[in-house]
Amino acid sequence: MSRHKIILACTMFFLSGCATDELKPDGVTADIPIQRVYNGEYNDVEMAIRAAMKKYPVKEDNLDAGIFDTDFIRGEKMFRPPASHEKLESGIRYHIQIHTIKGKVEGKPATRVIVKKVIEKNRDFFADTEPLPSDGMEENIIFYRIQRELTIAKAVKRAAELPQPPVK
């Protein structure tokens, strides 16, 4: 067998792994919220969170106190991973809690953002709700959106500070 065929066979072997429910994004453990630290002013991170969460139904928006909570999300409005063809189970709902903590890293302002997705399943009218673990994907997407909003705001601020050419 030629060297190229061996490399191709090894690559196909590694890429053809089975997908299981046990695989989770980095840093995700059941019932433990995911957190990230963003460098920059607290107000900038607060605005980025609001922009990242603008499509969610808001229950509580008090980021001055460090709390942002969505209303319950149900049915077709629930987040589903891309290319997921799973049928949504009835009785499942969730909400997302975001807590922010103002701080400093190496003497510079920073903000710790903690995101927790609380999923509940209600089997019937008489049964208590049963908590379900999150896969962590939506939480990581929220962190990505926050970082993207911070990057865009920083670029706009830099562009505004550049000297403008004279208008003719």
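## Basis

Numbering starts at 1 along each chain as its sequence is written, and side-chain values use heavy atoms, with hydrogens and water left out. In this predicted model, local features need pLDDT of at least 70 and side-chain atom pairs count only at pLDDT 80 or more, while totals for chains, interfaces and linings use all residues.

## Second largest pocket

The second largest pocket holds about 400 Å³ of space. A pocket is an open set of points on a 1 Å grid over the protein atoms alone, where a 1.4 Å probe fits, with protein on both sides within 12 Å along at least five of seven lines. Its volume is the space filled by probe spheres set on the points, which are joined across faces, edges and corners.

Strand E1 (34–39) and helix H3 (137–161) each supply at least two lining residues. H3 gives the most, with eight. Helices (H or I, at least four residues) and strands (E, at least two) are DSSP runs, numbered from the N terminus. By class, the lining has four nonpolar, four polar and six charged residues.

## Helix H3

H3 has 25 residues. From first C-alpha to last it reaches 36 Å, close to the 36 Å expected at 1.5 Å a residue. That expected span is 1.5 Å times one less than the number of residues.

Buried residues of H3 are Glu138, Glu139, Asn140, Ile142, Phe143, Ile146 and Leu150. Buried means under 20% relative accessible area, exposed over 50%, partly exposed in between (1.4 Å probe, protein chains only). Their cover includes E1, helix H2 (42–52), strand E5 (92–105) and strand E6 (108–121).

Strands E2 (residues 58–62) and E3 (residues 67–70) run antiparallel, joined by four bridges. Pairing requires at least two DSSP bridges. Valine 58 stands opposite threonine 70. Four residues separate the strands of this hairpin, and glycine 66 in the turn has a positive phi of about 90°.

## Two single residues

Glutamate 106 is in the loop between E5 and E6. Its phi is positive, about 55°, although it is not a glycine. Most residues other than glycine have a negative phi. Glutamate 106 is exposed, at 79% relative accessible area.

Lysine 121 lies in E6. Lysine 121 counts as buried, at 11% relative accessibility. Leaving aside neighbours within four places in sequence, lysine 121 is in contact (heavy atoms within 4.5 Å) with Glu89, Ser90, Gly91, Ile92, Asp128, Thr129, Glu130 and Leu132.

Key: On a 1 Å grid over the protein atoms alone, a cavity is a set of points where a 1.4 Å probe fits but cannot get out, and a pocket is an open set with protein on both sides within 12 Å along at least five of seven lines; lining residues have an atom within 4 Å of a point. Ala, Val, Leu, Ile, Met, Phe, Trp, Tyr, Cys and Pro count as nonpolar, Asp, Glu, Lys and Arg as charged, and the others, Gly among them, as polar.
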